[in-house]
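Here are my notes on this one, point by point. Have the structure open while you read.

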Amino acid sequence: MIYSKELKVLYDVDVLVAGGGPAGVAAGISAARQGKSVLILEQHGTFGGMATVGMVPEFMCFDDGVNLLSSGIGGEIKSALFGDELDFKCYNIRVEDLKALYDKMVIESGAKFLFFSKIVDVVVKDGKIEYAIVSSKKEIYAVKAKFFIDCTGDGDLSVKAGADFEYGDENGLAMPATLCSFWSGIDFEKKTKPDGYKIGDAYQRGFFTQFDLFLPGIKEVDRTSGVGGGNIGHAYNVDDTSEQCLTDAMILSRKVVKEYERYYREYVPGCEDANLCFTANILGVREGRRIECDYKMKATDYLKRAVFEDEIGRYNYPVDIHPKAPDEESLKEFDKYTSTRYERGESYGISLKCLIVKKVDNLFVAGKCICSERELQASMRVMPCCFITGQAAGVATTVCIDKETSSHSVDYKEVQRRLIKLGAHLPNFKE
């Protein structure tokens, strides 16, 4: 079938940001603060991505115990929600507080944004994206922009523009997904044992549909009211580029999460009155496409605490690859990866080139789908690092626009100077 339609160009901006998760928020704010006209398009009704719509219960570490790594925009978010202490830990998310903060910061930046809007295609000419095609409640329309930033989490915009990508391990298998959840009735004073300490016993008693020994658990959200966020259960062999696969995974996950209610009540002290209130409306996909860019972050970069000439930030979260299958062998492999945790004060550099999409001259990528080997994606996928890469992509677009260069010729020194003015942690910068 051939289908054609004449579309209105409703917006003409300097920078179009696809996706309003942590990377998209940081990208949009940083570009707007440089005086550029910005449009952020988000397919859901709120900013925040997995932390809000997906109900992921925790931010991973913002700092290394010595330095605030997710600084600049990430640091502003941490300070507003959790204070300024450097304590090398994770932070439990109060979703409505985070939503309100994102709204406030984006509005104050001057960036324009639209919810319930999804990019369904792009028009590329001579190696540059000219238009993004957007589906909204009212109509399908076009947006013209000088530069584009892909913060979709799955590299959707980049793939539509013709970018190459990698997916999963050598067999194309990605780590499992999780449907996050919200719980009440938890006595966190009494909940002192690891959530999964009796999971094998419960499985032997027939509590669960599938064998799964790895249980991150219920994280405290509010101790007084006994509410918590659940990172519970896994959906294996999920291909997040297939809507049928995602549909099947959602159905299975809702069933699996409910089964844990009995486990918590009977086995975990402090959870005798645990109640599953609701589950998220989207699946928590840990691993998706990794877009091909001018540099690929490598596992060796993590191991050697790499320093880059074009460094746009540093980070330190461990290589967190969840077991690929529900068996003890895969669990041992997970333990091997997480044993590479850093000490206080240690971090690895992030190259600007891992955000510059190959084959396209006006496209950056930020967040989970940046260019990296699988091991590094398992570290860089978390939200505080998404603030780092989103902020850098937003600034990089403004440098390209001001200097009238392609993304591949971006003046990285000027990007670094502007990032430092925003508060970015760049200890290795040299004029």
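1. A quick definition first: two rings of Phe, Tyr or Trp (its six-membered ring) count as a pair if their centres lie within 6.5 Å. With that in hand, and bearing in mind that this is a predicted model, look at the cluster that ring pairs build from Trp 183, Phe 207, Phe 208, Tyr 260, Tyr 263, Tyr 264 and Tyr 267. The overall count comes to 26 aromatic pairs.

2. Another pair to look up is Phe 59 with Phe 387, which is tilted, at 6.0 Å centre to centre and 40 degrees between the planes. Phe 59 sits in strand β3 and Phe 387 in helix α10, so the pair ties together parts 328 residues apart in sequence. Both Phe 59 and Phe 387 are buried.

3. Phe 208 comes from the loop between α5 and β11, and Tyr 263 from helix α6, 55 residues apart. Phe 208 counts as buried at 11% relative accessibility, and Tyr 263 does at 0%.

4. Now the cores. The largest nonpolar core has 99 residues, with Leu 16 and Tyr 315 making the most contacts inside it. Helix α10 gives the largest share, 12 residues. A second, separate core of 20 residues includes Ile 199, Ala 202, Ile 218 and Tyr 263.

5. Finally, the second largest pocket, with a volume of about 390 Å³. Its lining has 21 residues, and Met 55, Val 95, Glu 96, Phe 182 and Phe 278 are the closest to the centre. The lining divides into 11 nonpolar, 6 polar and 4 charged residues.

How values were computed. Residues numbered from 1 in each chain as written. Predicted model: local features only at pLDDT ≥ 70, side-chain atom pairs only at ≥ 80, totals over all residues. Heavy atoms only, no water. Core = buried A, V, L, I, M, F, W, Y, C linked by side-chain atoms within 4.5 Å. Buried < 20%, exposed > 50% of the residue type's maximum accessible area, 1.4 Å probe, protein only. Helix = DSSP H or I, 4+ residues; strand = E, 2+ residues; numbered from the N terminus. 1 Å grid on protein atoms, 1.4 Å probe; cavity = no way out; pocket = protein on both sides within 12 Å on 5 of 7 lines; lining within 4 Å. Points joined across faces, edges and corners; volume = space filled by probe spheres on them. Nonpolar A, V, L, I, M, F, W, Y, C, P; charged D, E, K, R; others polar. Phe/Tyr/Trp six-rings, centres within 6.5 Å; stacked < 30°, edge-to-face > 60°.
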